Amino acid sequence: MAQGVGVSGRRGAAREIVVAGGGLPGLALALALRQALGEAVRVTVCDPAFGRMGTPRDLRAYAVAAAARRMLERLGVWDTVASGAQPIREMVITDSRLADPVRPTFLTFEGEVAAGEPFAHMIEGGGLLSALRDAAAAAGVVLEASPVSAAVPETDKIGARLPDGRTIRADLVVAADGARSRLREAAGIGWVGWSYPQSGIVATVAHERDHEGRAIEHFLPSGPFAVLPLPQNGSLGGPLGHRSSIVWTERQSEVPALLGGGPEETLMEVERRFGLALGRLALESPLRAYPLSFGIARRFGARRLLLLGDAAHVIHPIAGQGLNLGLRSAAALAEALADTMRLGLDPGGPEALETYERSRRFDTLAMGAATDGLNRLFSNDALPVRLARDLGLGLVDRLPGLKRLFIREAAGLRGRQPRLMRGEAL
């Protein structure tokens with residue numbers, strides 16, 4: 001791992017970068033820059049969540065694709081969280097109505113892109129966020145327990161203003177402050193998007209039988225219901241120590257009734273969709289619902305400001321690629337900034353912005369269009385559409401070459417990837 005590489009033409013004058021938002025992409029970017037450039041760059045990540053004690057409370061579970069895992073390995077984080085990661089060994093896709101007595105399997109994928117390398121791992125967000133935060137702090141990233149309230153461009157700097165009146169004069173501010181980014185709006189960067197008439201419902205479910213690393217995507221008329229394997233939790237004891245995460249897409253109009261009943265009624269609705277293949281079920285965490293939307297920024301930057309993660313793009317969770325898209329953008333931005341600074345150029349100048357925009361625009365649009373199209377195709381109960389999509393799934397299942405293409409796409413290994421996602425140093 002290359003660390004502490006000097007920046008041409010900047011002897012004794014470290015560049016200053018502020019990241020507004022301490023989520024997974026923002027922390028990954030900060031860590032990558034410090035590891036690549038060492039003392040030649042000062043990185044401050046601002047997030048009020050840093051002021052809370054203990055492990056970060058991110059109860060979501062994520063599918064970390066093979067390319068993103070390679071990036072986390074290169075950053076030295078994966079070994080810390082690997083024991084809590086569950087390899088996805090097989091992917092099964094069904095298409096049916098909720099009341100159908102049988103859910104026919106139309107497509108299955110083997111879970112490896114190479115011998116011994118699963119195409120994805122499931123991992124819970126809190127542990128991964130904690131590992132990235134600790135690694136960033138150990139690498140010299142400053143963790144500021146405060147938001148960035150404003151980013152004001154100056155002649156050759158940008159002022160990152162904090163609510164207590166302090167201002168950090170930086171060369172660049174990276175807005176990683178979420179889909180409703182205040183910094184993006186204040187910079188006048190437009191947003192193209194729409195809301196879906198759907199909500200995403202997430203929870204952790206304990207079950208009696210071992211999932212054996214199998215992920216299942218049930219396509220139902222209201223949206224997909226995904227069952228994603230998690231590591232066994234021995235602390236629960238007994239036969240219900242096996243666990244899976246569910247990502248349940250449902251019509252927004254139905255959510256209050258589905259989640260408004262008592263625990264028994266809620267569990268019954270989960271069982272109707274989950275099925276009985278894994279035996280008895282219990283809810284390990286409460287169900288949480290959030291509205292679903294699509295959106296992409298018209299530009300990924302403005303004067304001395306770049307967008308990262310959900311501040312730049314939001315996609316439907318149907319393919320589980322939201323985190324991987326954010327980490328790929330973090331890897332591309334780290335590469336663009338490191339290369340720019342090694343040439344002695346200004347990281348807040350137009351060169352880095354143009355390189356980042358060029359590397360991420362098409363990929364982001366393609367992934368957004370793919371997830372939007374899949375959701376519209378499969379959240380549809382029209383008989384001709386059902387027949388056409390099931391025929392297509394069946395054909396793919398009989399074409400090994402095409403299946404390998406799809407699995408490499410899901411693993412994030414198709415096309416040109418940033419160096420970190422190839423497992424290479426910056």
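**Cores, helices and sheets of the predicted model**

M71 touches A28, L327, A330, A331, L420 and M421, with residues up to four places away in sequence not counted; contact here means heavy atoms within 4.5 Å. M71 is also, together with I17, L29, L33 and L337, among the residues that touch the most other members of the largest nonpolar core, which has 106 residues. A nonpolar core is a set of buried Ala, Val, Leu, Ile, Met, Phe, Trp, Tyr and Cys residues joined through side-chain atoms within 4.5 Å. A residue is called buried under 20% relative accessible area, exposed over 50%, and partly exposed in between (1.4 Å probe, protein chains only). A second, separate core holds 16 residues, including I201, A203, F225 and L267. In soluble globular proteins, nonpolar side chains tend to be buried together.

The model is predicted, and local features need pLDDT of at least 70, side-chain atom pairs count only at pLDDT 80 or more, and totals for chains, interfaces and linings use all residues. Residues are numbered from 1 along each chain as its sequence is written, and side-chain values use heavy atoms, with hydrogens and water left out.

Helices (H or I, at least four residues) and strands (E, at least two) are DSSP runs, numbered from the N terminus. Helix α4 comprises residues 125-138, and its 14 residues reach 20 Å from the first C-alpha to the last, close to the 20 Å expected at 1.5 Å a residue. The expected span is 1.5 Å times one less than the number of residues. The buried residues of α4 are G125, G126, L128, L129, S130, A131, L132, R133 and A136. Among the elements that cover them are α1 (24-37), α2 (66-74) and β9 (120-124). After α4 comes G140, which has a positive phi near 100°.

R386, R389, D390, L393, G394 and V396 are buried in α10. Because these residues cover an arc of only 160° around the axis, they lie on the same side of α10; the arc is that of the directions from the helix axis to the C-beta atoms. The buried residues of α10 pack against β5 (90-95), β6 (105-110), α9 (350-378) and α11 (400-410). P384, L387, A388 and L391 are exposed, on the face of α10 turned away from its buried side.

Strands of a sheet pair through backbone hydrogen bonds, either parallel or antiparallel. Two strands are taken to pair if DSSP finds at least two bridges between them. An open sheet is formed by 3 strands in the order β11-β12-β13, with antiparallel pairing. Its edge strands, β11 (150-153) and β13 (167-170), each pair on one side only. Strands β11 and β12 are joined by 4 bridges, and a hairpin links them through 4 residues. V152 stands opposite G159 in β12, while the bridge partner of G159 in β13 is R169. The hairpin of β12 and β13 has 5 residues between the strands, and G165 in this hairpin takes a positive phi near 100°.

Strand β18 (residues 242-251) is largely enclosed by the rest of the structure, because 9 of its 10 residues are buried. β18 pairs in the antiparallel sense with β15 (residues 191-207) over 10 bridges and with β17 (residues 223-230) over 6 bridges. S244 in β18 is the bridge partner of V205 and also of P229.
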